[in-house]
Amino acid sequence: MFLKFPLSYPLRFLSGLITSVLFHEQDWDTEEELNKVKDDGSMEKEIGELRRSRPKRPDGGDFTLSDVFYFSRKGLESIVEDEVTQRFSSEELVSWNLLTRTNNNFHYVSLRLTVLWGLGVVIRYCILAPLRITLAAIGISWLVIGTTVVGLLPSSRVKNWLSELVHLMCYRICARGLSATVHYHNKQNRPRKGGICVANHTSPIDVVILANDGCYAMVGQVHGGLMGVIQRSMVKSCPHIWFERSEMKDRHLVTQRLRDHVNDKTKLPILIFPEGTCINNTSVMMFKKGSFEIGGTIYPVAIKYDPQFGDAFWNSAKYNMVSYLLRMMTSWAIVCNVWYLPAMTQMEGEDAVQFANRVKSAIARQGGLVDLSWDGGLKRDKVKNTFKELEQKKYSSMVVGDDSSD
Amino acid sequence: PLWCDKVLLRASRRVEIAYFSHSQITRLYSRFHSLDKGENGALSREDFQRIPELAINPLGDRIINAFFPEGEDQVNFRGFMRTLAHFRPVEDNEKSKGHDASEPLNSRNNKLLFAFRLYDLDRDDKISRDELLQVLRMMVGVNISDEQLGSIADRTIQEADTNGDMSISFSEFIKVLEKVDVEQKMSIRFLH
């Protein structure tokens with residue numbers, strides 16, 4: 001039914017072969033997964049130890065000149081390595097995968113490796129990339145044409161069925177255009193109509209990956225240009241939710257539109273990425289509570305890309321969309337695992353933030369990602385002062401002790 | 001690209017080679033490079049403040065200041081490493097080749113000096129009551145009243161001050177903290 005591109009299979013086999021050869025060649029420092037540089041001592045424990053040599057005061061509070069040791073050590077540790085900024089750039093690989101872009105510590109190893117690398121460049125740029133670009137072009141044009149044609153039909157079951165067919169076909173062609181190999185796990189938990197599908201966000205390709213296996217209603221901002229054309233035609237065949245830039249600011253309006261969509265049980269499940277920005281697929285950052293206030297059933301999905309074949313993370317500060325897509329098409333392949341997790345609903349007495357954190361932890365656990373509470377918005381914005389005030393408060397209670405009247 | 005800066009890297013290693021291994025220096029340079037958003041080979045205060053965990057540290061600004069020499073706004077990679085070298089664990093000194101007789105940067109004394117300079121805002125080698133109050137205020141925020149903070153500062157100076165000048169000199173500072181395990185508390189693990 002959909003275009004099977006037979007050439008991509010042997011090519012993927014070849015790239016796997018090349019990658020396995022590397023393990024004999026590589027000479028890089030094999031460090032384990034970047035272990036935490038920090039010791040995990042809480043403020044109380046650490047400062048308590050620093051004060052060990054002094055007599056304890058009756059109210060338990062104290063100030064010593066050595067208290068600064070704790071803050072300076074934590075500060076220096078965060079300068080050497082911190083949990084947040086590393087998530088906004090591509091993951092470091094333990095062993096090189098023959099792509100220059102992941103080669104951070106270039107040094108010449110051997111002639112054989114260089115020849116392999118050169119061969120890889122030729123294959124990727126001269127053979128794989130043109131084929132993939134052609135496929136992607138076919139996929140997108142078919143999406144636009146197909147959905148417009150289906151849109152001409154009157155509303156009926158046939159129309160819905162045809163619309164799903166067109167969407168699936170196009171996304172599958174596009175996936176082939178990226179040489180995406182996706183393993184879907186637990187398909188019985190797939191999102192159903194009237195629900196909300198939430199997933200961790202690594203790149204715009206996530207949409208293609210997920211839509212390969214099911215039909216979703218997309219949510220997003222109205223764009224101009226080619227994206228706008230695609231958006232407008234998609235909406236003709238089945239309802240998606242596109243917001244004008246001005247509407248995005250009005251949270252009530254957004255929530256209401258999403259709620260209306262969810263309450264209509266005939267409509268496709270909404271696909272939302274609650275992180276709000278692309279993260280490098282080593283961790284899951286704070287889920288914004290907006291999606292969790294709508295009230296529908298949440299279907300969490302975990303997406304984990306295999307970095308050996310290509311880096312799927314979109315660093316929007318460094319690359320625009322076109323150069324990003326070109327990089328994708330000149331990688332070896334996009335290999336990823338998608339886990340459908342069992343549906344979750346908000347429990348009694350749980351507020352939206354707690355619910356969001358619960359879903360986030362489930363996704364992080366399944367995908368083997370680090371569960372962070374930091375906001376993905378820290379990519380661009382400064383951290384809020386309230387966090388510093390929390391630290392100051394915590395320290396103050398150590399200075400004045402337990403029975404302070406302040 | 002990162003590998004072009006290897007020349008710079010080699011030049012930087014002269015002094016710091018006693019403190020960090022080759023792979024540690026490479027890793028630190030990688031980190032320096034990722035913090036250097038302006039890509040001009042030097043870090044500004046804003047570059048440090050972009051680290052969220054540092055921005056929420058009550059003494060974040062004082063720590064950042066420790067990297068910048070008097071009156072300067074930029075720190076290069078050598079300066080970056082020099083400041084970090086203070087926090088190298090002391091036991092690693094057996095492996096390094098001390099190339100001159102002067103005290104290593106990560107000695108107990110130099111670690112204490114680092115902490116002393118966090119308090120000594122005007123760099124006059126004395127911690128005055130005013131300076132102590134300012135640093136205390138940074139650490140506790142709005143949660144303690146001026147009077148209480150003042151009495152804490154007075155008490156601290158009283159305990160430490162031996163020559164009666166109502167301020168804490170570096171030798172008095174060392175004396176007060178002689179029982180504290182400075183070597184362990186002011187060290188961080190640099191990955192090999």
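Trainee: Why is Ile127(A) called partly exposed?

Mentor: This is a predicted model, so the value is computed from its atoms. Ile127(A) has 40% relative accessibility. Buried means under 20%, and exposed means over 50%. The value of 40% falls in between, so Ile127(A) counts as partly exposed.

Trainee: Where is Ile127(A) found?

Mentor: Ile127(A) sits in helix H4 of chain A, which covers residues 111–151.

Trainee: How far apart are Ile127(A) and Thr330(A), in sequence and in space?

Mentor: In sequence, 203 residues separate Ile127(A) and Thr330(A). In space, the distance is 9.4 Å, C-alpha to C-alpha.

Trainee: Which residues of chain A does UniProt list as "transmembrane region"?

Mentor: The unreviewed UniProt entry lists residues 106–126 and 133–153 of chain A.

Trainee: What is the helix and strand content of residues 133–153 of chain A?

Mentor: The span is 90% helix and 0% strand. Its end C-alpha atoms lie 31 Å apart.

Trainee: How many helices and strands are there in chain A?

Mentor: Chain A has twelve helices and nine strands. Of its 406 residues, 51% are buried. Take contacts between residues at least 6 apart in sequence: 79% of them join residues at least 24 apart.

Trainee: What makes a set of residues a nonpolar core?

Mentor: The members must be buried residues of the nonpolar kinds, joined through side-chain atoms within 4.5 Å. The largest such core has 66 residues. Phe63(A), Phe69(A), Phe48(B) and Phe173(B) touch the most other members. Helix H3 of chain A, residues 67–80, gives the largest share, seven residues. A second, separate core has 42 residues, among them Val150(A), Val207(A), Met218(A) and Tyr305(A).

Trainee: Which residues is Phe48(B) in contact with, leaving aside its neighbours within four places in sequence?

Mentor: One of them is in chain A: Ile79(A). Those in chain B include Leu43(B), Leu54(B), Ile64(B), Phe67(B), Phe68(B), Val75(B) and Phe80(B).

Trainee: How many residues of each class line the largest cavity?

Mentor: The lining has five nonpolar, five polar and four charged residues. Gly counts as polar and Pro as nonpolar.

Key: Residues are numbered from 1 along each chain as its sequence is written. Chains are lettered from A and ligands numbered from 1 in the order in which they are written. This is a predicted model: local features need pLDDT of at least 70, side-chain atom pairs count only at pLDDT 80 or more; totals for chains, interfaces and linings use all residues. Side-chain values use heavy atoms; hydrogens and water are left out. Buried means under 20% relative accessible area, exposed over 50%, partly exposed in between (1.4 Å probe, protein chains only). Helices (H or I, at least four residues) and strands (E, at least two) are DSSP runs, numbered from the N terminus. Contact means heavy atoms within 4.5 Å. UniProt positions are given in the numbering used here, feature names are shortened, and annotations may be inferred rather than shown by experiment.
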